Amino acid sequence: MKIAIGCDPNAQEAKEELIRFIKEKNYGEVTDFGSTDPIYANTAIKVAEAVASKKYDRGILI
């Protein structure tokens with residue numbers, strides 16, 4: 001399973017922990033769409049478009 005993940009700058013630590021968890025459990029391949037953009041919607045749009053285009057199976061936003 002291919003997973004797209006992104007967050008706002010305040011959730012960077014939680015995102016990194018979740019990525020480690022997903023990899024440890026072999027739940028899928030994770031691509032980080034970032035967390036540095038202070039406008040959360042920009043990251044959310046990137047993750048949503050990746051899933052909508054079927055390049056990724058799931059998206060996680062924090």
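Predicted model: local features only at pLDDT ≥ 70, side-chain atom pairs only at ≥ 80, totals over all residues.
## Starting with the helix

A helix here is a DSSP run of H or I that is at least four residues long, and helices are numbered from the N terminus. Helix α1 covers residues 12-24.

What comes after the helix? α1 is followed by asparagine 26, whose phi is positive, near 55°. We will come back to that residue further down.

## Two sides of α1

Which residues of α1 are buried? Lys15, Ile19 and Ile22 are buried in this helix. These residues cover an arc of only 65° around the axis, so they lie on the same side of α1. Turn to the other side of α1 and you find Glu13 and Glu24, which are exposed.

Something has to cover the buried residues. That cover includes the strands β1 (2-6), β2 and β3.

Lysine 15 is worth a stop of its own. Its place is in helix α1. Is lysine 15 buried or exposed? Its relative accessibility is 1%, and buried means under 20%, so lysine 15 counts as buried. Leaving aside residues up to four places away in sequence, lysine 15 touches Ile5, Gly6, Cys7, Asp32, Gly34, Ser35 and Ile62.

One of these contacts, with aspartate 32, is also a salt bridge, in which the closest N and O atoms are 2.8 Å apart. This pair links distant parts of the chain: lysine 15 belongs to helix α1 and aspartate 32 to strand β2, 17 residues apart. The two partners can be set side by side: lysine 15 is buried at 1%, whereas aspartate 32 is partly exposed, with a relative accessible area of 39%. How many salt bridges does the model have? The count comes to one.

## Rings that pair up

Now for the aromatic side chains. The count comes to two aromatic pairs. One is formed by phenylalanine 21 and tyrosine 27, with 5.9 Å from centre to centre and 55° between the planes, which makes it a tilted pair. Phenylalanine 21 is partly exposed, with a relative accessible area of 38%, and tyrosine 27 is partly exposed too, at 47%.

Phenylalanine 33 and tyrosine 56 also form an aromatic pair; here the centres are 5.5 Å apart and the planes make an angle of 80°. Why is this pair called edge-to-face? Planes over 60 degrees apart count as edge-to-face, so the angle of 80° places the pair in that group. This pair links distant parts of the chain, 23 residues apart: phenylalanine 33 is in the loop between β2 and α2, while tyrosine 56 is in the loop between α2 and β3 (58-61). Phenylalanine 33 is partly exposed at 22%, whereas tyrosine 56, at 14% relative accessibility, counts as buried.

The charged end of lysine 2 sits over the ring of tyrosine 56, 5.0 Å from the ring's centre.

## Loop residues to look for

Let us return to asparagine 26. This residue is found in the loop between α1 and β2. Is asparagine 26 buried or exposed? Exposed means over 50%, so asparagine 26, at 67% relative accessibility, counts as exposed.

Lysine 54 also has a positive phi, of about 70°, although it is not a glycine. You will find lysine 54 in the loop between α2 and β3. At 73% relative accessibility, lysine 54 counts as exposed.

Finally, visit proline 38, in the loop between β2 (29-32) and α2 (40-52). Proline 38 is exposed, with a relative accessible area of 68%. How many residues separate proline 38 from aspartate 8 along the chain? They are 30 residues apart, yet their C-alpha atoms are separated by 6.3 Å.

How values were computed: Residues numbered from 1 in each chain as written. Heavy atoms only, no water. Buried < 20%, exposed > 50% of the residue type's maximum accessible area, 1.4 Å probe, protein only. Salt bridge = Lys/Arg side-chain N within 4 Å of Asp/Glu carboxyl O. Phe/Tyr/Trp six-rings, centres within 6.5 Å; stacked < 30°, edge-to-face > 60°. Lys NZ or Arg CZ within 6 Å of the ring centre and 35° of its normal. Arc of directions from axis to C-beta. Contact = heavy atoms within 4.5 Å.
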